[in-house]
Amino acid sequence: MGGLWLLEGSGGPADPTAKLGPDPLVISSGDFAALLGSARRQIKALLLDQTAIAGVGNIYADESLFAAGIHPRARADRLSRPRRERLWAALRDRLNESIRLGGSTLRDYRNAEDRPGWFQLALKVYGRPDAPCPACAHPIRHATVAGRSTHYCSHCQKF
Ligand SMILES: [Zn+2]
């Protein structure tokens, strides 16, 4: 009973969904490009920031950055407009694919990787350190970016 009362109080614990940013299927390409343009930080850190964009987990970020040809350490605000839009499309493509495989809606999940369909996606870079890049055959790099285990191709993914 005490817990209920706490949740109802205006000074109680904040609703964890209250500060979430828009999810990639809702935000427009123009708003996404504007968000990146005002973010003076690494693109991977921005993608993982749930208050900026909701529902992008670590694997999802790596796979989308690879699909868009963007280095995970690239500064968000220095990406050209076409590259920002390419990343927007890559995020949507990955998410739509997992929805198709899992048959659920995004709103049910805080993190795209919790989705049932996610684990059926063929991962191109994540978890494949030193394996040949599927696009260029250079070895996939593994590093820590934004405090998270990160996989990328230094040949295909540019700053
Ligand atoms: Zn490559």
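This report describes the zinc site and the nonpolar cores of a predicted model.

## Zinc site

The zinc ion is held by four protein donors, the SG atoms of Cys133, Cys136, Cys153 and Cys156, at 2.2 to 2.4 Å. Along the chain these donors are spaced as C-x2-C-x16-C-x2-C.

The geometry of the site is tetrahedral, with angles of 100 to 115° among the 4 donor atoms. For four tetrahedral donors the ideal angle is 109.5 degrees.

Cys153 has a relative accessible area of 0%, and Cys156 has one of 25%. Buried means under 20%, so Cys153 counts as buried.

## Largest nonpolar core

The largest nonpolar core has 24 residues. Those that touch the most other members are Phe32, Leu36, Ile43, Leu47, Ile70 and Leu87. At least two residues of this core come from each of helix 2 (29-37), helix 3 (43-48), helix 4 (58-68) and helix 5 (81-102). Helix 5 contributes the most, with 5 residues. In soluble globular proteins, nonpolar side chains tend to be buried together.

Ile43 is in contact with Leu36, Leu65, Ile70, His71, Pro72, Ala74, Ala76, Leu79 and Leu87, with neighbours within four places in sequence left aside. Two of these partners, Leu36 and Leu87, are also among the residues that touch the most other members of the core.

Another core, of 5 residues, lies apart from the largest one. Its members include Phe66, Val125, Cys133 and Cys153. Cys133 and Cys153 are also donors of the zinc ion.

Note on methods:
Residues numbered from 1 in each chain as written. Predicted model: local features only at pLDDT ≥ 70, side-chain atom pairs only at ≥ 80, totals over all residues. Heavy atoms only, no water. Donors = N, O, S within 2.8 Å, 3.2 Å for Na, K, Ca; no water. Tetrahedral: all angles 85-135°; square planar, octahedral: opposite > 155°, others 65-115°. Buried < 20%, exposed > 50% of the residue type's maximum accessible area, 1.4 Å probe, protein only. Core = buried A, V, L, I, M, F, W, Y, C linked by side-chain atoms within 4.5 Å. Helix = DSSP H or I, 4+ residues; strand = E, 2+ residues; numbered from the N terminus. Contact = heavy atoms within 4.5 Å.
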